[in-house]
Structure formats: C-alpha cells, structure tokens
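Dear colleague,

Please find below the structure that I am handing over to you. My findings follow directly after it.

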Amino acid sequence: MLIVVGSAANHLRVEGDPTSLTDPRAPDGVRLHVRAATTRLEATCPACSTRASRVHSTYRRTLADLALQGVPVDVEVAVRRFRCDNPACPRGTFVESLGDFAAPRAQRTQRLAAMQARVGLALGG
C-alpha cells in the first residue's frame with residue numbers, strides 16, 4: 001500500500017499497488033510505477049472560470065517523481081478532459097489541473113522539478 005501525502009493527497013488516489021518494471025536506463029535496471037487518478041468531481045474552466053462536471057474524455061499522463069531509495073519512480077495519472085458548460089466560452093473542452101502536483105504539460109512532478117532546481121543552483125550557481 002502506498003500512502004500519498006501533501007497536497008497531492010487532496011485530489012489524487014492510488015489505483016492498486018505500485019509495480020516494479022525492468023528498465024535498462026535505470027541505475028539498477030528497475031523502475032517503480034505507480035498508477036493514480038484524480039478524485040475531484042468538477043473542474044474550473046481556465047478561460048471563463050465556469051465549473052464543469054461533464055467529462056469529455058480521459059487519458060493518462062506519466063510523470064517522473066522523486067526516487068525512492070534510489071529507485072526511479074513514475075506516476076501514471078488518469079486525467080480527464082471536461083466540457084465547459086458555458087455556451088459563450090471560447091474553449092469547448094479543457095483538461096483538469098493537477099494543482100501543485102504537476103504543471104500543465106509537465107513530464108515531472110513539481111517536487112522533482114524543485115529538487116532538480118536546488119541541485120542545479122547548488123552546483124552551478
């Protein structure tokens with residue numbers, strides 16, 4: 001059982017148990033893979049700020065996360081695309097936000113990005 005803590009715990013739930021995958025690019029040849037899904041019932045349209053609850057479609061995003069005991073971690077999140085209920089909205093559909101867990105279109109979590117930035121600043125100035 002994996003426990004999600006911090007801000008991600010407010011809107012993500014883990015689906016099943018984490019699995020280990022063989023990955024020749026990983027240091028020990030193993031990568032931890034976690035599947036998660038969002039739990040919010042509604043999302044706010046970024047264009048017109050209207051609350052939407054009608055789901056248009058769902059797809060999966062894979063994000064790199066901080067390593068666990070030296071093992072790389074991938075988080076595969078099922079995110080939803082919503083239909084905006086405002087007929088005057090210039091956007092017909094939009095993707096729900098993952099909040100401060102990951103930025104839009106990001107390939108890594110915010111905490112991995114912050115750690116990489118700290119290392120870069122410490123080593124490179």
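Glu15 and Arg13 form a salt bridge in this predicted model, with their closest N and O atoms 3.7 Å apart; the term stands for a side-chain nitrogen of Lys or Arg within 4 Å of a carboxyl oxygen of Asp or Glu. Glu15 is partly exposed at 26% relative accessibility, and Arg13 is likewise partly exposed at 42%. Here buried means under 20% relative accessible area, exposed means over 50%, and partly exposed lies in between (1.4 Å probe, protein chains only).

By this rule the structure holds 9 salt bridges. Side chains of opposite charge can pair when their charged atoms come close. Arg31 pairs with Asp74, the closest N and O atoms being 3.2 Å apart. This pair links distant parts of the chain, since Arg31 lies in strand β3 and Asp74 in strand β7, 43 residues apart. Helices (H or I, at least four residues) and strands (E, at least two) are DSSP runs, numbered from the N terminus. Both partners are buried, Arg31 with a relative accessible area of 16% and Asp74 with 14%. A further salt bridge joins Arg51 and Glu42 at 3.3 Å, N to O; Arg51 is partly exposed at 47%, as is Glu42 at 33%. Through shared partners, salt bridges also join Arg13, Glu15, Arg35, Arg60 and Glu76 into one network.

As to the conventions, the model is predicted, so local features need pLDDT of at least 70 and side-chain atom pairs count only at pLDDT 80 or more, while totals for chains, interfaces and linings use all residues. Residues are numbered from 1 along each chain as its sequence is written, and side-chain values use heavy atoms, with hydrogens and water left out.

How many aromatic pairs does a search of the whole structure find? The search finds 1: Phe82 and Phe94 are stacked, 6.0 Å centre to centre and with 25° between the planes. Rings of Phe, Tyr and Trp (its six-membered ring) pair if their centres lie within 6.5 Å; planes under 30 degrees apart count as stacked, over 60 as edge-to-face and the rest as tilted. Phe82 lies in strand β7 (residues 71-83) and Phe94 in strand β8, so the pair ties together parts that are 12 residues apart in sequence. Phe82 is buried, with a relative accessible area of 0%, and Phe94 is buried at 2%.

Two loop residues also deserve mention. Ser49, in the loop between β4 (43-44) and β5 (51-52), has a phi near 65°, a positive value in a residue other than glycine. Arg105, in the loop between β8 (93-95) and α1 (110-124), also has a positive phi near 65°. Ser49 is exposed at 55% relative accessibility, and Arg105 is exposed at 76%.

With kind regards
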